[in-house]
Amino acid sequence: MPNGKPQHVLGLLGSFEKAAARNAAMLTALSETGVALVGVDPSMTLAYRAEYAKALGADRAPKVSLPQEWLMQQSARLPNLALDRRDTWSLLPHCTEKTNAAVATADWIKLGRRLGIELEVVPSGCCGMAGLYGHERDNRATSEQIYRLSWEKILDDPRRAGRVLATGYSCRCQASIMGGVELRHPLQLLLETFRKITIKDELR
């Protein structure tokens, strides 16, 4: 069900509040069954803590965790592997995640180390896509200029080739459009690691 974030970005606050109310009711009912609510995209997920809380009131806003927050709650169930500093990956968190959930950004590093992976949060500005912004024709030239300020240099660095992760959907879209680079979400790397562990266990 749409959560209304695009309407909010465009200033369609009436439509946003209606979408938010419907979505909040659905998610709250789902949560009451015992299902954990986890949102993959930071911008969409953090809307529940900011835009929803403002529009509906904090008591009606559904409690949705970022994936790394939920995984940290399960950390005791995760394997604790030796850190291999040769297995280093660069992480580009979404701007909203860095500014509105700084602790959660650091959780990616903790999760990586738990699984033997060194994650390095790379200092960067906005990718330029900023949700809908870079997809709009009137903003495209500016979006590309913003990308070139920091993201282009990072992704063009041969030392990082094939080893850059990004949490934002819009960020991964921009990297694909501008740099022809298909960035993975850190969850994909963690899943790959789990699969390797499972295969090793099966071969024993």
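Trainee: Quick one to start: in strand 3, which residue is the bridge partner of Ser 90?
Mentor: That partner is Val 164. Strands here are DSSP E runs of at least two residues, while helices are H or I runs of at least four, all numbered from the N terminus. Keep in mind that this is a predicted model, where local features need pLDDT of at least 70 and side-chain atom pairs count only at pLDDT 80 or more, while totals for chains, interfaces and linings use all residues. Residues are numbered from 1 along each chain as its sequence is written, and side-chain values use heavy atoms, with hydrogens and water left out.

Trainee: What is the mean pLDDT of the protein chain?
Mentor: The mean is 92, and 97% of the residues reach 70 or more. pLDDT is the predictor's confidence in each residue, on a scale from 0 to 100.

Trainee: And which elements have the lowest and the highest mean pLDDT?
Mentor: Helix 10 has the lowest, at 79, and strand 3 the highest, at 97.

Trainee: Back to the strands, then. What is the order in the open sheet?
Mentor: The three strands run 2-1-3, with parallel pairing. Two strands count as paired if DSSP finds at least two bridges between them. Five bridges join strand 1 (residues 84-92) to strand 2 (residues 117-121), and three join strand 1 to strand 3.

Trainee: Why is one side of strand 2 and of strand 3 left without a neighbour in the sheet?
Mentor: Both stand at the edges and each has a single partner strand, so one side of each has no neighbour there. On average, neighbouring strands of this sheet are turned by 40° against each other, direction ignored.

Trainee: Which helix packs on the sheet?
Mentor: Helix 7 (residues 102-114) does, touching strand 1 and strand 2, and its direction makes about 160° with that of strand 2. Axes are lines fitted to C-alpha atoms, for helices over the stretch in contact, and angles run from 0 to 180 degrees between N-to-C directions.

Trainee: New topic: which residues in the largest nonpolar core touch the most other members?
Mentor: Of its 14 residues, those are Leu 92, Trp 151, Leu 155 and Leu 183. Helix 8 (140-156), strand 3 (164-166) and helix 9 (169-179) each give two or more residues to this core. Helix 8 provides the largest share, four residues. A nonpolar core is a set of buried Ala, Val, Leu, Ile, Met, Phe, Trp, Tyr and Cys residues joined through side-chain atoms within 4.5 Å. Buried means under 20% relative accessible area, exposed over 50%, and partly exposed in between (1.4 Å probe, protein chains only).

Trainee: What does Trp 151 touch?
Mentor: Leaving out residues up to four places away in sequence, Trp 151 touches Leu 92, Ser 124, Gly 125, Cys 126, Cys 127, Ala 166, Cys 171 and Leu 183. Contact means heavy atoms within 4.5 Å. Apart from that core lies another, of twelve residues, including Leu 78, Leu 91, Leu 111 and Leu 165.

Trainee: How many salt bridges does the count come to?
Mentor: Eleven. The rule asks for a side-chain nitrogen of Lys or Arg within 4 Å of a carboxyl oxygen of Asp or Glu. Arg 184 and Glu 192 meet in one of them at 2.9 Å, N to O. Glu 192 also forms a salt bridge with Lys 196, with the closest N and O atoms 3.7 Å apart. Glu 192 and Lys 196 lie four residues apart in helix 10 (residues 186-203), about one turn of the helix.

Trainee: Is Glu 192 buried, partly exposed or exposed?
Mentor: Glu 192 is partly exposed, at 29% relative accessibility. Lys 196 is partly exposed too, at 49%. Elsewhere, salt bridges that share partners join Glu 120, Asp 157, Arg 159 and Arg 160 into one network. Within that group, the closest N and O atoms of Asp 157 and Arg 160 are 3.9 Å apart, and Asp 157 counts as buried at 13%.
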